[in-house]
Amino acid sequence: MTVAELSVKLGAKNICLPSPEREVTGAYTGDLLSWVMGRAPADSAWVTIMSNLNVVAVASLADVACVILSENVELDSDALKKAENEGINILSVADGSYETCAALSKLI
Amino acid sequence: MIDNDKVNFHFDIDGDNFTTAGEASVKIKKALRQMGFSADTIRRVSVAMYEGEINMVIHADGGEADVNVYPNKIEIILADKGPGIPDIEKAMQAGYSTAPDDIRSLGFGAGMGLPNMKKYTDSIDIQTEVGVGTTVTMVVNV
């Protein structure tokens, strides 16, 4: 499934979607950045409540397909700019990380 | 800079700016992609380097990073003049961290930095002296 399709199915808001056709092959959740970077599979959807600039760097280095910010967490403007520059897909959902992952397990 | 079969990338890591930490790793990631390395190699090098970069910013007020790209391996050398690591064995344990609370609130300080660097590289060598500094040399075979 592509990130754009996933976004529609989750009812997510597209915060930054430079690569809508990128395939999502799994999911991962966590808020400790080093932990996520060491373990999130490439091409996965990463569900987190962290929204600082470093999230964009970790998403880029771990090569995840998209970041999903749960609980309507807002991305600060610097992070958004960096996500656009780095080509990182970022979605936002109202649900918590648990509910979002439960939804993802049925979709992916 | 090209020296025989080696391509060198040098970065000064700014110790004052935590929010820009990781820029050198992202630049290396892009350069390696342009040079045609596999996605797996690129991920291993860039994750290991990012962890090292973050460590230098958190603990050592910055430092210098050199990445040497050879045909058969990629070498990452991170050198700082920070406080040194008093107990390397402890520092290598997953979950052990001396990062301050403000760093933890940003999502770091999980005690995974050095363990990740070890996990993602084929070799890691740490030369450290308390009060003098630390040099970490990592190699990822291609």
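The structure is a predicted model, in which local features need pLDDT of at least 70 and side-chain atom pairs count only at pLDDT 80 or more, while totals for chains, interfaces and linings use all residues. Residues are numbered from 1 along each chain as its sequence is written, chains are lettered from A in the order in which they are written, and side-chain values use heavy atoms, with hydrogens and water left out.

**Interface of chain B and chain A**

- On chain B, 22 residues are in contact with 22 residues of chain A, where contact means heavy atoms within 4.5 Å.
- The size of an interface is often given as the accessible area lost when the parts come together.
- Here chain B and chain A bury about 1900 Å² between them, and 55% of it is on carbon and sulfur atoms; buried area is the accessible area (1.4 Å probe) that two parts lose on being put together, summed over both.
- There are two salt bridges between chain B and chain A, each a side-chain nitrogen of Lys or Arg within 4 Å of a carboxyl oxygen of Asp or Glu.
- One of the salt bridges joins the side chains of B:Lys29 and A:Asp63, at 4.0 Å from N to O.
- Helix 1 (23-34), helix 2 (39-60) and helix 5 (113-120) of chain B each supply at least two residues of the side that touches chain A; helices here are DSSP runs of H or I with at least four residues, and strands are runs of E with at least two, numbered from the N terminus.

**Aromatic pair**

- Over all chains, the count is one aromatic pair, the rule being that rings of Phe, Tyr and Trp (its six-membered ring) have centres within 6.5 Å.
- B:Tyr50 and B:Phe108 form this pair, 6.3 Å centre to centre with 55° between the planes, which is tilted; planes under 30 degrees apart count as stacked, over 60 as edge-to-face and the rest as tilted.
- B:Tyr50 lies in helix 2 of chain B and B:Phe108 in the loop between helix 4 (101-104) and helix 5, 58 residues apart.
- B:Tyr50 is buried at a relative accessible area of 0%, and B:Phe108 is buried at 2%; buried means under 20%, exposed over 50% and partly exposed in between (1.4 Å probe, protein chains only).

**Loop residues of chain A**

- A:Glu71 is in the loop between strand 4 (66-69) and helix 4 (77-86) of chain A; its phi is near 55°, a positive value in a residue other than glycine.
- A:Asn72 is in the loop between strand 4 and helix 4 of chain A, and its phi is near 55°.
- A:Glu71 counts as exposed at 52% relative accessibility, whereas A:Asn72 counts as partly exposed at 48%.
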